[in-house]
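Welcome, and please load the model in your viewer. We will hop from one selection to the next, with a short note at each stop.

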Amino acid sequence: MANPILQVENLVKRYGEVEAVRGVSFSVEEGEVFGLLGPNGAGKTTTVEILEGLRTLDSGQVSVCGLDPQRDSDALKQEIGAALQATALPDKMRVIEAIRLFASFYKRQRDPQELLKRFGLDDKKNSFYGQLSGGQKQRLALTMALVNDPRVCFLDEPTAGLDPQVRREIYEVIEELRRDKKTVLLTTHYIEEAERLCDRVAIIDHGKVIALGTPRELKARSGGTTRIEVRLSKPASDGVLKTLEGVVDSREVDGAYVLHSQRPPQTIVSLVKQLEAQGNELVSLEIATPSLEDVFIEYTGRRLRD
Amino acid sequence: MKNFAALTRMRIQIAFRNKMFFFFVIVMPFAFFFLWLGLLAKGIPDRCAFYLGPVVAFNVMGSFWGLSATLVLFREQGILRRFHVAPVTASDLLASSIVANYVLTLPIVALELFFARVIFHVPSLGNPITLFLLVSIGIISFGSLGLVVASVTNTMQETQVLNQLLWLPLIFLSGATFPLAYMPSTVQRFGLFLPATYLVNGVQQTILNSATPWSRYVEILSLSVWACLTFFLSAQLFRWEPEAKVPRRAKLLVAATAIPFLLLGVVENMSDRILVEAKTALERFDSASRPPSVGIPIRPPATGKPSGSN
């Protein structure tokens with residue numbers, strides 16, 4: 001990579017006996033939107049908080065804008081912006097006051113009014129933080145992450161717990177950052193978010209990066225197959241679904257069978273025949289192009305939300 | 001310095017929007033003020049002068065309650081985390097808490113003193129410099145104690161328990177609510193190990209006897225040392241994250257805050273200086289003349305003892 005603004009090498013972090021991050025490595029280029037995709041407890045937030053200088057690492061090396069987050073903490077904080085998970089502001093603080101207060105901490109500042117307008121908070125600028133909806137609070141968190149015109153933005157689960165409509169609003173905000181060529185490190189457990197927003201994605205599970213690449217590259221690793229998810233009235237016999245025409249992989253996930261097929265019409269025909277022969281019935285059938293979820297399932301045998 | 005000033009301004013601004021602030025910082029102290037001076041002292045100026053010191057000290061000591069609760073709430077809600085990722089230091093946050101609390105408490109004390117003169121006709125407020133020094137150091141030191149409490153407790157529930165455990169002896173065994181000289185001898189001697197006793201006695205002696213800063217150097221110095229120690233410890237033990245628990249070793253370190261007054265308590269127990277002063281003040285309270293009609297405060301007779309001479 002030509003010019004990584006963010007580098008992580010063999011990062012390890014332990015909490016007592018628990019190893020939360022186990023040798024994570026990746027790098028992010030300037031202007032890139034990079035995603036850490038993984039289930040809850042995978043080690044995404046710990047990784048990000050080490051990069052922000054909020055936590056110490058046990059071993060490995062990290063660098064952000066050429067700075068060591070622990071040793072150069074003061075200089076680093078001037079260069080980064082962060083929308084943290086599980087954070088808040090005092091309920092009786094007005095939106096405009098929060099932005100002005102946080103902007104005042106930095107040497108480089110953006111115009112608070114311009115930021116408010118840009119992120120659709122202009123009409124809420126005199127509202128108290130406690131009066132804002134979840135989506136508005138999250139938009140404010142993103143706005144505040146940009147008050148210092150940061151070189152790197154850390155967005156930790158920016159849409160967690162928000163309804164789909166609000167989530168899409170936040171996507172638009174992040175897409176705007178992408179258009180501005182901001183470097184963004186985004187953590188998420190939403191497939192759609194990673195696929196839509198990220199230039200590259202590291203899939204992380206149990207503190208390890210299990211796959212890394214552009215969403216297209218990762219999905220291509222599914223072998224250009226189509227995903228067929230079926231639910232049956234009775235469990236299928238061992239391995240029988242793998243023998244269906246065109247099927248290259250079959251797994252049982254949450255009581256459903258996920259098949260990856262290179263020839264979906266033939267697979268479906270042979271599936272129906274097979275079920276008839278076994279006296280089994282089809283309860284539901286879904287066909288989709290492979291998603292990052294399939295990549296995750298392929299590596300872990302589990303769904304991302306588990 | 002810029003961050004500290006911005007945070008102080010923010011804390012003051014938010015306090016004025018908080019109903020709890022109005023209740024605990026304005027309503028409660030004035031309720032206590034009018035209850036003690038109006039009912040217990042029956043509005044008799046010399047008796048009011050006796051109670052004014054404890055009432056002011058009580059208000060000053062209350063600083064630790066608000067500061068500890070706010071800091072723990074900020075930590076539990078993740079507000080501190082947001083500041084942590086910005087270029088803000090723990091000292092900026094802690095010092096702004098102390099200064100904001102000082103700016104908010106001092107006018108209330110000034111109003112109490114003003115009302116004491118205007119409504120209850122307290123003969124004298126004593127030496128203004130000594131009074132200012134003691135009140136200022138008191139607000140800062142008890143505020144810092146609040147920050148230490150916030151640093152060694154993990155949840156709001158723990159904070160409230162520890163606050164109660166500290167608050168009750170501080171107000172009942174120091175002379176802040178009931179005169180120290182009324183207490184059994186053992187309690188009086190125990191009171192000499194409490195910082196509150198030095199604040200109460202210092203302010204009371206300043207008002208009753210117009211004590212100079214030099215004559216109250218023990219109180220001023222001991223509370224100043226204590227303020228520095230507690231502030232230093234609160235900065236050392238400060239935690240940004242709710243999940244960062246306090247190590248047991250750190251809790252032991254907090255015992256260090258008791259050292260100055262443990263040492264001073266030993267010295268004062270040997271000299272009996274404070275107990276004698278408390279007894280003399282109470283005798284003066286008992287001998288204060290009754291008003292001609294109950295409930296109407298009167299000015300002291302012109303032939304009475306000149307204020308500040310005893």
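Start by selecting Phe105(A) and showing its neighbours: beyond the residues up to four places away in sequence, Phe105(A) touches Gln78(A), Lys2(B), Asn3(B), Ala6(B), Leu7(B), Phe83(B), Ala86(B), Pro87(B) and Val88(B). Contact here means heavy atoms within 4.5 Å. Before going further, note that this is a predicted model, in which local features need pLDDT of at least 70, side-chain atom pairs count only at pLDDT 80 or more, and totals for chains, interfaces and linings use all residues. Residues are numbered from 1 along each chain as its sequence is written, chains are lettered from A and ligands numbered from 1 in the order in which they are written, and side-chain values use heavy atoms, with hydrogens and water left out.

**Stop 1: around Phe105(A)**

Is Phe105(A) buried or exposed? Phe105(A) is buried, with a relative accessible area of 3%; buried means under 20%, exposed over 50% and partly exposed in between, using a 1.4 Å probe and protein chains only. You will find Phe105(A) in the loop between H3 and H4 of chain A. Helices (H or I, at least four residues) and strands (E, at least two) are DSSP runs, numbered from the N terminus. For a sense of scale, draw a C-alpha to C-alpha distance from Phe105(A) to Gly16(A): the two are 89 residues apart in sequence and 34 Å apart in space.

**Stop 2: helix H3 of chain A**

Now select residues 95-104 of chain A, which form helix H3. This helix is mostly covered, with eight of its ten residues buried. Colour the buried ones: Val95(A), Ile96(A), Glu97(A), Ala98(A), Ile99(A), Leu101(A), Phe102(A) and Ala103(A). What covers the buried residues of H3(A)? From chain A, the cover includes helix H4 (112-118) and helix H5 (134-144). From chain B, it includes helix H1 (2-15) and helix H5 (79-84).

**Stop 3: chain A as a whole**

Zoom out and show chain A as a cartoon. Its secondary structure comes to ten helices and 13 strands, and its C-alpha trace spans about 75 × 45 × 35 Å along the principal axes. Of the 306 residues in chain A, 55% are buried. Among contacts in chain A with a separation of 6 or more, 68% are between residues 24 or more positions apart.

Switch to a surface and colour by element. Chain A exposes about 13200 Å², and carbon and sulfur atoms supply 44% of it; the areas come from the Shrake-Rupley method with a 1.4 Å probe. Then pick out the charges, with Lys and Arg as positive, Asp and Glu as negative, and His and the chain ends not counted. Chain A has 42 positive and 47 negative side chains, and the centres of the two sets lie 2 Å apart, with each charge placed at NZ of Lys, CZ of Arg, CG of Asp or CD of Glu.

**Stop 4: two details in chain A**

Select His206(A), in the loop between strand S8 (200-205) and strand S9 (208-213). Phi of His206(A) is near 50°, a positive value in a residue other than glycine.

Cys153(A) is in no disulfide, and the nearest cysteine sulfur, that of Cys65(A), is 10 Å away. Cys153(A) is buried, at a relative accessible area of 0%.

**Stop 5: chain B**

Buried residues make up 55% of the 310 in chain B. Chain B exposes about 13300 Å², with carbon and sulfur atoms supplying 72% of it. The mean positions of its 24 positive and 13 negative charges are 6 Å apart.

**Stop 6: helix H14 of chain B**

Finish with Ala281(B), in helix H14 (residues 273-287). Ala281(B) is buried, with a relative accessible area of 6%. Leaving aside neighbours within four places in sequence, Ala281(B) is in contact with Phe50(B), Gln204(B), Gln205(B) and Leu208(B). Then step to Asp272(B), in the loop between helix H13 (259-271) and H14. Asp272(B) is partly exposed, at 26%, and its phi is near 65°, a positive value in a residue other than glycine.

How values were computed
A disulfide is a pair of cysteine sulfur atoms within 2.5 Å.
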